[in-house]
Amino acid sequence: MGVMAMLMLPLLLLGISGLLFIYQEVSRLWSKSAVQNKVVVITDAISGLGKECARVFHTGGARLVLCGKNWERLENLYDALTSVADPRKTFTPKLVLLDLADISCVQDVAKEVLDCYGCVDILINNASVKVKGPVDKISLELDKKIMDANYFGPITLTKVLLPNMISRRTGQIVLVNNIQGKFGIPFRTAYSASKHAALGFFDCLRAEVEEYDVVVSTVSPTFIRSYHVYPEQGNWESSILKFFFRKLAYGVHPEEVAEEVMRTVRRKKQEVFMANPIPKAAVYIRTFFPEFFFAVVACGVKEKLNVPEEG
């Protein structure tokens, strides 16, 4: 029996590996079919996550509309996508200069996209502006700028494109949000407020447009780290609080989030929360044991923790 078991184990592992490979390939092909020929608008396409989303959806055969504040960086992204793509299976992306903080131009850009393609199948609201500092050091003007970029900009774009989706009775709106839409973290008052507001808006919108077969999805990762930022190995802090905030801050890689956005579109998920166990636990603790949560956060502030910047 021992010899047979030893012989069967490699075969079993090989079989499992084969099944996993088949599953991944089927999922990849399924993802492509879900966005093929679809008009997909990606805001802040020049960010780390925006680039990865552009790569994933372009490979899937989507008709991309790439929005960003910097024309040169948009052109660099265009060159990066088209240089490796098969022109027989992909479409040439359309570049659009867009600053979501400039609300006055958002409607014109949305109308330009509709005039060009006639419709938008998938809108990925990805743009985000971050700020960190004590509340008494952040000016009201900066508060308004954060709200324009993270809340009013995305909802303005959504409102202009939504009637087209409703009239066609199809479409999907994806909000890439943040864990701070679930609970606030000290020294990020304006950013957290904007993320709470955006999450509240799209949660309400989901219920309103369900009867028109328009899907509203929210993807909330922890912080999306830069390509060049990785956790230090073997440098564990003695403080549990510092460990908590370090785990919370390092977040996930843009490629992981982009793949999850694709899966969310493919499966029409309503809400996705991307986080390791510690931030997930924090969400539940905030809900069921708020006083304990507030005490822990307050202790963190008193220790003057230095939370790394989010990319």
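Author: Let's start with Phe201, which is buried, with a relative accessible area of 17%. "Buried" means under 20% relative accessible area, "exposed" means over 50%, and "partly exposed" lies in between, for a 1.4 Å probe and protein chains only. This is a predicted model, where local features need pLDDT of at least 70, side-chain atom pairs count only at pLDDT 80 or more, and totals for chains, interfaces and linings use all residues. Residues are numbered from 1 along each chain as its sequence is written, and side-chain values use heavy atoms, with hydrogens and water left out.

Reader: How many aromatic pairs are there?

Author: Rings of Phe, Tyr and Trp (its six-membered ring) pair if their centres lie within 6.5 Å; planes under 30 degrees apart are stacked, over 60 edge-to-face, and the rest tilted. By this rule there are 5 aromatic pairs. One of them joins Tyr151 and Phe152, edge-to-face, at 4.9 Å centre to centre and 70° between the planes. Tyr151 is buried at 16% relative accessible area, whereas Phe152 is partly exposed at 38%. Phe201 and Phe202 are also edge-to-face, because their centres are 5.1 Å apart and their planes stand at 75°. Phe202 is buried at 0% relative accessibility. Together, Tyr151, Phe152, Phe201 and Phe202 form one aromatic cluster.

Reader: Which residues does Ser194 contact, leaving aside its neighbours within four places in sequence?

Author: Contact means heavy atoms within 4.5 Å. With those neighbours set aside, Ser194 is in contact with Ile146, Met147, Asn150 and Tyr151. Ser194 belongs to helix α6 and counts as buried, at 0% relative accessibility. The C-alpha atoms of Ser194 and Phe152 are separated by 9.0 Å, though the two residues are 42 apart along the chain.

Reader: Where does helix α6 lie?

Author: Helices (H or I, at least four residues) and strands (E, at least two) are DSSP runs, numbered from the N terminus. Helix α6 (189-209) lies across β4 (122-125), β5 (171-176) and β6 (214-221), and runs at about 155° to β6. For such angles, axes are lines fitted to C-alpha atoms, for helices over the stretch in contact, and the values run from 0 to 180 degrees between N-to-C directions.

Reader: In what order do the strands of the sheet come?

Author: Two strands pair if DSSP finds at least two bridges between them. This open sheet of 7 strands has parallel pairing and the order β3-β2-β1-β4-β5-β6-β7. The edge strands, β3 (94-97) and β7 (271-274), each pair on one side only. On average, neighbouring strands of the sheet are turned by 15° against each other, direction ignored.
Going strand by strand, β1 (39-42) pairs with β2 (63-68) over 4 bridges, while 3 bridges join β1 to β4. Ile42 therefore gives you a handy landmark: its bridge partner in β2 is Leu66, and in β4 Ile42 stands opposite Ile124. Further along, β4 and β5 pair over 4 bridges, with Ile122 opposite Gln172 in β5.

Reader: Which residues of β4 are buried on its two faces?

Author: In a regular strand the side chains alternate between the two faces of the sheet. In β4, Ile122 and Ile124 lie on one side, Leu123 and Asn125 on the other, and all are buried.

Reader: What does the side chain of Asp121 reach?

Author: Asp121 sits in the loop between α4 (103-117) and β4, and is buried at 10% relative accessible area. The side chain of Asp121 reaches the backbone nitrogen of Val39 at 2.8 Å. A polar contact is a pair of N or O atoms within 3.5 Å; within protein, one must be able to donate a hydrogen and the other to accept it, and residues adjacent in sequence count only if both atoms are side-chain atoms. Not counting residues up to four places away in sequence, Asp121 also touches residues including Asn37, Lys38, Met165 and Gln172.

Reader: Which residues have a positive phi although they are not glycines?

Author: Most residues other than glycine have a negative phi. Asp44, in the loop between β1 and α2 (48-59), has a positive phi of about 50°. Phe187, in the loop between β5 and α6, has one of about 75°. Phe187 is partly exposed, at 32% relative accessible area.
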